[in-house]
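Hi,

Here is the structure I promised to send over.

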Amino acid sequence: PDIHAAIEAATLAGARALGLESVTGSIEVGKSADFVLLDRSIVNVDADDVEQAIVIKTILQGKTVFDRTAQ
């Protein structure tokens, strides 16, 4: 599958499957705001290189729970 389909499967489609699309699965006002900030755009790299992306920040419920730049 292409990267866009993989991202949707891991986010909005997963939330939909669990009946949680009103709470999570996409970045929208009022939703949980769970996401990671990576060191590169994974939509612009070869599929074999996606796993090389490094997490810079992890945000859960709108709060930073990991920040590589703070280490």
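This is a predicted model: local features need pLDDT of at least 70, side-chain atom pairs count only at pLDDT 80 or more; totals for chains, interfaces and linings use all residues.

Below is what I found, residue by residue.

Residues are numbered from 1 along each chain as its sequence is written, and side-chain values use heavy atoms, with hydrogens and water left out.

Let's start with L20, which sits in the loop between α2 (12-17) and β1 (35-38); helices (H or I, at least four residues) and strands (E, at least two) are DSSP runs, numbered from the N terminus. L20 counts as partly exposed because its relative accessibility is 38%; the cut-offs are under 20% relative accessible area for buried, over 50% for exposed and partly exposed in between (1.4 Å probe, protein chains only).

S32 is in the loop between α2 and β1 too, but S32 is buried, because its relative accessible area is 17%. Setting aside neighbours within four places in sequence, S32 is in contact with V23, T24, L60, Q61 and G62, contact being heavy atoms within 4.5 Å.

Then there's I54, in the loop between β1 and β2 (55-60). With 37% relative accessibility, I54 counts as partly exposed. As for S22, its C-alpha atom is separated from that of I54 by 29 Å, with the two residues 32 apart along the chain.

Cheers
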